[in-house]
Amino acid sequence: LLGNKNDVIALAQTGTGKTASYGIPVIQKTDARNKQTQAIILSPTRELCLQIADDLNSFAKYIDGLHIAAVYGGTDIGSQIRTLKHGVQIIVATPGRLLDLINRGVAQLEHVNNVVLDEADEMLNMGFSESINAIFENVPADRNTLLFSATMSKEIEKIALHYLHDHKEIVVGSRNEGAEHVNHIYYLVNAKDKYLALKRVVDFYPRIFAIIFCRTKLETQDIADKLIRDGYNAEALHGDLSQQQRDLTMQKFRNHNVQFLVATDVAARGLDVDDLTHVINYGLPDDIASYTHRSGRTGRAGKKGTSISIIHTREKFKVRQIEKQIGKDFIDGTLPTPEEICKKQLFKTMDDIMKTDVDEDQIEPYMAEINRQFDYIDKEDIIKKMVTITFGKFLDYYKNAPEIVKPETGKGSRGSRGEGRGSEGRGKVSNGRRKHEAEAGYKRLFINLGKADGFYPGEIMQYLNKHVKGRQEVGPVSYTHLTLP
């Protein structure tokens, strides 16, 4: 990476230090005396963009005159323009905002000698290929191009090769391999019991600090709201929030002021948070690479982590696919019983009480009154009351907790891909497959293009969002049914 004309595709598990592996050479090759932009680093999300910039600023802390700036959408472009006009040698950017700054003549890239695509597969999957192409037209042809990712599918690699010349490939571990220190568990439940199962899982681990991944923005907000309503310390992170809200949520989570971050794949892409004990998949993603990225948020830097998936019978086949791809077996978990959960929480309560530091001077003025209040109460009664205050909500909930039955998935069961989807069945026929008929109020659209044509779902989403939103004459669009060959 310190050489010239050395294009690289680098694949490694998450948590192994990819940011440092490209960031330190890029900083070393940058001339701090020259105020022109010499390197650009592209990332798919705003959060990852800020994280990379923070890491690079830490690496370059003692280099006088070296300026690194993060530019991304969803926030005021004016302040970013002023920053770039003062001279920035390394720009960390999301593709859309960087292209905007190029078109305004603010980002001038004619002296760039290093272009890094971090989470390259995700950027291409999100439909950024057109923006990336336009950015590459504005950088010198003899630059170094570096693609870094935890996974690189064959289809994405074909597209990536358009940006590289005579590249070298570096693979740490195996392609698309899961993080080494992560255990994988799944709990199979009926779809209606998924949230109840989530409550049991988080209650069983009193010291849990986790990201809960959901498939859609709507589901993410819904699960976060339910957790908050039930007394858990949780917040949502998804694309419908303002940048200020997202920044504040991430700051609170990184500072451990929030216990559960409920997030979409895109919002939490590449996030590095210290001491994450668990990743919880509230259902499995369609893309195996997304699972690898999710589970890689924990078990970082040599620490142990656990990836838990709460799935229903229609998702069982995905478990086998993921096992084959990451080279690891999932544990078929049995949900903890109410008794097991209450015992865990009780021990945690007692441990908290025993480890509480007492400031004698602080409470001394109140001790006489406290002792008078407790003069005629038995020690055992005091302990019972104290435990009830700190532990009572678990006893109340699990006293009459709903039963969660594990579905059968053996021969003749409905645990297949073609299981009915609600009362309408969505056009299901006797062989378990769906007929090519739309539900009432929907139209089906077939597009005879796919990944081999360089055509991705993200690009269609962008088109629909741009042209359909707010037009009353257009019927509802079911985004979840959008599949490409």
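Tutor: Arg246 and Glu47 are both buried. This is a predicted model in which local features need pLDDT of at least 70 and side-chain atom pairs 80 or more, while totals for chains, interfaces and linings use all residues. Numbering starts from 1 along each chain as its sequence is written, and side-chain values use heavy atoms, with hydrogens and water left out.

Student: What makes a residue buried, partly exposed or exposed?

Tutor: The relative accessible area decides: under 20% is buried, over 50% is exposed, and anything in between is partly exposed (1.4 Å probe, protein chains only).

Student: Why is a pair of side chains called a salt bridge?

Tutor: The term asks for a side-chain nitrogen of Lys or Arg within 4 Å of a carboxyl oxygen of Asp or Glu. Side chains of opposite charge can pair when their charged atoms come close. Arg246 and Glu47 have an N to O distance of 2.6 Å, so the pair passes the distance test. Arg246 belongs to helix α10 (residues 243-254) and Glu47 to helix α2 (residues 46-59), so this bridge ties together parts 199 residues apart in sequence. Helices (H or I, at least four residues) and strands (E, at least two) are DSSP runs, numbered from the N terminus.

Student: How do you know that Lys406 and Asp332 meet in a salt bridge?

Tutor: Their side chains have an N to O distance of 2.8 Å. That pair also links distant parts of the chain, 74 residues apart: Lys406 is in the loop between α15 and α16 (457-467), and Asp332 is in strand β14 (residues 331-333). Lys406 has 37% relative accessibility, so it counts as partly exposed, and Asp332, at 41%, is partly exposed too. Elsewhere, bridges with shared partners join Arg207, Lys348, Asp351, Asp352 and Lys355 into one network. The structure holds 17 salt bridges.

Student: Which partners meet in a salt bridge at 3.2 Å?

Tutor: Asp31 and Arg33 do, through their side chains. Asp31 is partly exposed at 31%, whereas Arg33 has a relative accessible area of 77% and is therefore exposed.

Student: What makes two rings an aromatic pair?

Tutor: Rings of Phe, Tyr and Trp (its six-membered ring) pair if their centres lie within 6.5 Å; planes under 30 degrees apart count as stacked, over 60 as edge-to-face, and the rest as tilted. By this rule there are seven aromatic pairs. Tyr186 and Phe330 are 6.4 Å apart, centre to centre, with 50° between the planes, and the pair is tilted. Tyr186 is in strand β8 and Phe330 in the loop between α12 (316-326) and β14, so they tie together parts 144 residues apart in sequence. Both Tyr186 and Phe330 are buried. Tyr397 and Tyr398, at 4.7 Å and 85°, are edge-to-face. Of these two, Tyr397 is partly exposed at 28%, and Tyr398 is buried at 7%. Ring pairs also link Tyr186, Tyr291 and Phe330 into a cluster.

Student: What makes the phi of Asp166 worth a look?

Tutor: The phi of Asp166 is near 50°, a positive value in a residue other than glycine. Most residues other than glycine have a negative phi. Asp166 lies in the loop between α7 (154-160) and β7 (168-171) and is exposed, with a relative accessible area of 74%. His256, not a glycine either, has a positive phi of about 65°. His256 is found in the loop between α10 and β11 (260-264), and its 40% relative accessible area makes it partly exposed.
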